[in-house]
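Please look over the sequence and the model below before reading on. The notes after it are grouped by topic.

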Amino acid sequence: MKPDTRRRVLSACCILGSFVAWEAICLAFGVSDMVLPRPTQAVYTLVSQFPAIWPHAFQTIYTTLVGLGLGILIGVLLGMLIGSSRLAYDVAYPMLVGFSSIPKVAIVPILVLWFGAGTVPAILTAMVMCVFPIVVNVATGLASTEPELQDVMRTLKATKLEILWNIGLPRTMPYFFASLKVAATLAFVGTVIAETVASNRGIGNLMMIASSSFDVPLVFAGLFILAGLGVTLYIVFSAIEARVTGWAVRSDDFVSNG
Amino acid sequence: MNQALATGVAPRNPVIDLERVNVTFGGEKNKTVALAETSLRIEKGEFVALVGPSGCGKSTILKLVAGTLSPSEGHIFVTGREIGANEVRIGMAFQNPTLLPWLNIRDNVMMPLKIVPPFKHGYAKKKKGEYRERAEALLAKVGLSGFGEKFPWQLSGGMQQRASLCRALIHDPTLLLLDEPFGALDQFTREELWEIMQNLWIEKKPTVLLVTHDLKEAAYLASRICVMQARPGRIIEDSTVPFARPRTIDVSFEPDFVSLTQRLRERIVAVRAVKEQQP
């Protein structure tokens with residue numbers, strides 16, 4: 001067996017094993033499914049109630065992706081501004097740090113007050129959650145661009161915009177993708193928070209209703225869906241990252257693609 | 001000199017003309033004079049080397065000419081117009097190859113064509129054809145044919161430096177600025193690159209300003225050598241190098257060559273010694 005395949009099989013076994021252990025412990029100690037349902041119960045609920053769960057899952061995916069998209073747009077623009085201007089850095093950084101320290105649960109009621117309950121507050125919460133890591137990383141990437149690389153462009157009398165486009169942005173890509181993986185998972189957190197507080201659709205809402213009627217397996221089914229969605233998004237971004245920023249990790253895939 | 005100052009921005013012949021340039025760093029208390037009352041004229045097609053101890057302002061002159069640093073006093077004219085106002089095409093190679101890690105060698109070499117007019121007009125259309133061939137042809141001249149698709153980190157230091165030279169020359173610069181581009185290489189690679197550099201210069205005849213602390217390199221490549229001293233930085237000697245071109249590495253073992261480098265060496269050692277006595 002190749003070392004690479006071996007590694008993958010081994011890690012898959014370990015992950016699967018942890019679920020098996022969970023199952024076994026629940027069975028061995030007779031844990032009530034009101035307290036901690038077995039993984040098989042959660043999966044069974046997931047499959048058997050899929051038609052009812054699906055619209056909620058779709059709602060969550062939809063709001064998260066829109067929120068993430070907006071977050072990326074605003075985060076990149078703000079990061080570019082902060083990374084290339086000293087004044088913007090001094091003004092925006094303290095404000096950003098302050099803003100991101102606020103628990104996002106606290107702003108959902110305000111958003112509901114402004115936009116009403118439903119999709120919009122969820123999208124905005126997801127956006128707010130994921131903006132901060134993107135801004136910080138893009139700004140750091142831009143600010144840490146090697147002066148030598150900029151000198152190359154300056155002797156060619158490149159404009160600021162040309163330097164940004166040809167040096168700053170490509171240089172920032174690894175930082176951007178690193179933040180994207182964090183942001184993608186945070187966006188789910190944001191959506192679910194807003195759905196729990198003020199929405200009648202989405203996985204967050206589903207889980208809240210399920211827990212109020214003590215349907216704990218359904219709560220866990222919701223958690224599984226969220227985890228699955230998070231992992232999927234992470235994989236998607238990792239794949240894009242490997243293609244776009246292979247130069248940063250010197251991967252051979254990148255070379256054959258390039 | 002005074003007359004030249006009086007005429008101001010009138011067009012003149014030399015490609016580079018520094019007139020009584022002062023460069024100082026720091027405030028009143030800890031003022032460092034990087035360059036004092038320095039005047040330097042370089043005619044079209046000359047290959048001038050600046051040598052001297054570290055901290056003598058060699059690189060400062062290069063930065064002034066490249067336009068990345070402004071003088072505290074004095075004027076700098078490039079192709080007859082004050083620096084900043086002109087459209088002169090400058091190519092520059094640094095001690096580090098400074099290739100962009102996300103571009104392959106060919107795209108790195110083609111980068112100036114994307115930025116510098118008139119090449120940048122129609123770049124998108126020409127980059128697959130005309131410009132690509134141009135880059136490949138230049139890469140072939142420095143012995144890098146077939147490496148266009150490689151990425152910088154897949155090449156050795158010497159090969160990266162060759163690519164860096166190609167990038168400095170791809171847009172047919174009027175003025176080539178070299179900031180110790182061979183400094184970090186081993187002796188044999190360095191000599192190989194001297195020869196390549198000389199051939200490129202003979203073929204394209206750009207005006208070259210080379211900063212180096214390798215006297216052999218200066219004597220081999222340049223047609224004129226300016227010796228500088230440190231604190232305050234100024235040019236203390238300006239001598240022409242008479243050897244016929246194309247020079248081979250064997251020239252460097254001839255008595256004339258050896259005595260030239262010896263003399264330059266003594267000059268630099270002497271100004272260093274004086275400086276050390278009066279700290």
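This is a predicted model: local features need pLDDT of at least 70, side-chain atom pairs count only at pLDDT 80 or more; totals for chains, interfaces and linings use all residues.

Residues are numbered from 1 along each chain as its sequence is written, chains are lettered from A and ligands numbered from 1 in the order in which they are written, and side-chain values use heavy atoms, with hydrogens and water left out.

**Chain A**

- Chain A has 12 helices and 0 strands; helices (H or I, at least four residues) and strands (E, at least two) are DSSP runs, numbered from the N terminus.
- The C-alpha trace of chain A spans about 75 × 60 × 30 Å along its principal axes.
- Chain A has 258 residues, and 42% of them count as buried (under 20% relative accessible area, with exposed over 50% and partly exposed in between; 1.4 Å probe, protein chains only).
- Contacts (heavy atoms within 4.5 Å) between residues at least 6 apart in the sequence of chain A join residues at least 24 apart in 73% of cases.
- The accessible surface of chain A is about 13,800 Å², and 72% of this belongs to carbon and sulfur atoms; such areas come from the Shrake-Rupley method with a 1.4 Å probe, and for residues only the protein chains shown count as cover.

**The sheet of chain B**

- Strands of a sheet pair through backbone hydrogen bonds, either parallel or antiparallel.
- In chain B, 4 strands form an open sheet in the order β2-β1-β4-β5, with antiparallel pairing (two strands pair if DSSP finds at least two bridges between them).
- β2 and β5 (81–82) of chain B are at the edges with a single partner strand each, so one side of each has no neighbour in the sheet.
- Strand β1 (residues 16–25) of chain B is joined to strand β2 (residues 32–42) of chain B by 7 bridges, and T24(B) stands opposite V33(B) in β2(B).
- The hairpin of β1(B) and β2(B) has 6 residues between the strands, and G26(B) takes a positive phi near 80 degrees there.
- β1(B) also pairs with strand β4 (residues 73–78) of chain B over 5 bridges, where N22(B) has E73(B) in β4(B) as its bridge partner.

**Between the chains**

- In chain B, 24 residues are in contact with 22 residues of chain A.
- The area buried between chain B and chain A is about 2,100 Å², with 71% given by carbon and sulfur atoms; buried area is the accessible area (1.4 Å probe) that two parts lose on being put together, summed over both.
- W102(B), I115(B) and W153(B) supply 35% of the area that chain B buries against chain A, more than any other three residues.
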